Amino acid sequence: MSVPYIKPSYKKSEFNCPYSDCNVYAHQKWNRVIHYDHSEVNSLLSYEERDTSEDITPLDKVRYSKEVGASSTAAPKYPAKNYIPTTEVEYASVSKCSHCNRYAFWIKDKMIYPVVSLAPLPSDDMPEDVKADYTEAASIVEASPRASSALLRLALQKLMPHIGERGQKIDEDIGSLVKKGLPTKIQQSLDLVRVIGNESVHPGQLDLKDDKDTAYILFGLLNYIVQDRITNPKEIDALYSKLPQKKLDGINNRDKK
């Protein structure tokens, strides 16, 4: 069974880690970004007066003394150990994954590192030829939601033969599935991927130039379709096959009646 995926979002307290080798849904701690002013540090280090009474490190030398710097806006004549010249970068922030303890870097509300797709991973049961298009779509969704949506429509078309349809005309395949008892929500999911993916190639009333959120929804819908049409039946078959043979014979005899 597929696990829900929550894509990284600015200032959200929990989401799936953007690092592919982690990808765990985990708590995220947010921090500010501080600019370390090297020019001011160099200026401080150029002062002739030095506190030589202690064995202090170069980093210690750029820290102001409370006694010297607390009551005056002027630069002190010598450095000490409890202050370093810094400036907060207002538009930058970092999030830290509580599971792998690594950082993601953000400018305003956009994650700039690591550079990864925020689309959910493909279902384990997604056929390989379908997964290839899904993965390619995920790799370009940030740069081009329209191209990504078109690829997902192609992935849907390739999925159809795996669920008993012809895979030539998606609309006809969906109609065939409906006649076979396809649940309404699955039909709606299929049509959403079909229509939006098609409109991104042949512009109609939908304009996906900047609509990344819509493209991301399609990834989840394709996984949802695979879950319902492939994963769920496979899991039920596996459980059913574990029934004792006598029970299976009894069920078969009942159904023959």
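Tutor: Strands (E, at least two residues) and helices (H or I, at least four) are DSSP runs numbered from the N terminus, and two strands pair if DSSP finds at least two bridges between them. This is a predicted model, in which local features need pLDDT of at least 70 and side-chain atom pairs count only at pLDDT 80 or more, while totals for chains, interfaces and linings use all residues. Residues are numbered from 1 along each chain as its sequence is written, and side-chain values use heavy atoms, with hydrogens and water left out.

Student: In what order do the five strands form the open sheet?

Tutor: The order is 1-2-3-4-5, with antiparallel pairing. Strand 1 (14-16) and strand 5 (110-113) each have a single partner strand, so one side of each is left without a neighbour in the sheet.

Student: How many bridges join strand 4 and strand 5?

Tutor: Strand 4 (residues 103-107) pairs with strand 5 over three bridges, in the antiparallel sense. Within this pairing, F105 stands opposite Y113 of strand 5. The peptide bond from Y113 to P114 is cis, with omega near 0°; P114 belongs to the loop between strand 5 and helix 3 (128-140).

Student: Where does K108 lie, and is K108 buried or exposed?

Tutor: Accessibility is read as relative accessible area: buried means under 20%, exposed over 50%, and partly exposed in between (1.4 Å probe, protein chains only). K108 lies in the loop between strand 4 and strand 5 and is exposed, at 58%. Its phi is near 55°, a positive value in a residue other than glycine.

Student: How many aromatic pairs does a search of the whole structure find?

Tutor: Rings of Phe, Tyr and Trp (its six-membered ring) pair if their centres lie within 6.5 Å; planes under 30 degrees apart count as stacked, over 60 as edge-to-face and the rest as tilted. The search finds seven pairs. One of them is the tilted pair of Y10 and W106, 6.1 Å centre to centre with 50° between the planes. Y10 is in the segment before strand 1 and W106 in strand 4, 96 residues apart. Y10 is partly exposed at 35%, whereas W106 is buried at 2%.

Student: Which residues do ring pairs link into a cluster?

Tutor: The cluster holds Y10, F15, W30 and W106. W30 and W106 form a tilted pair, 5.2 Å centre to centre and 55° between the planes. W30 lies in strand 2 and W106 in strand 4, so this pair ties together parts 76 residues apart in sequence.
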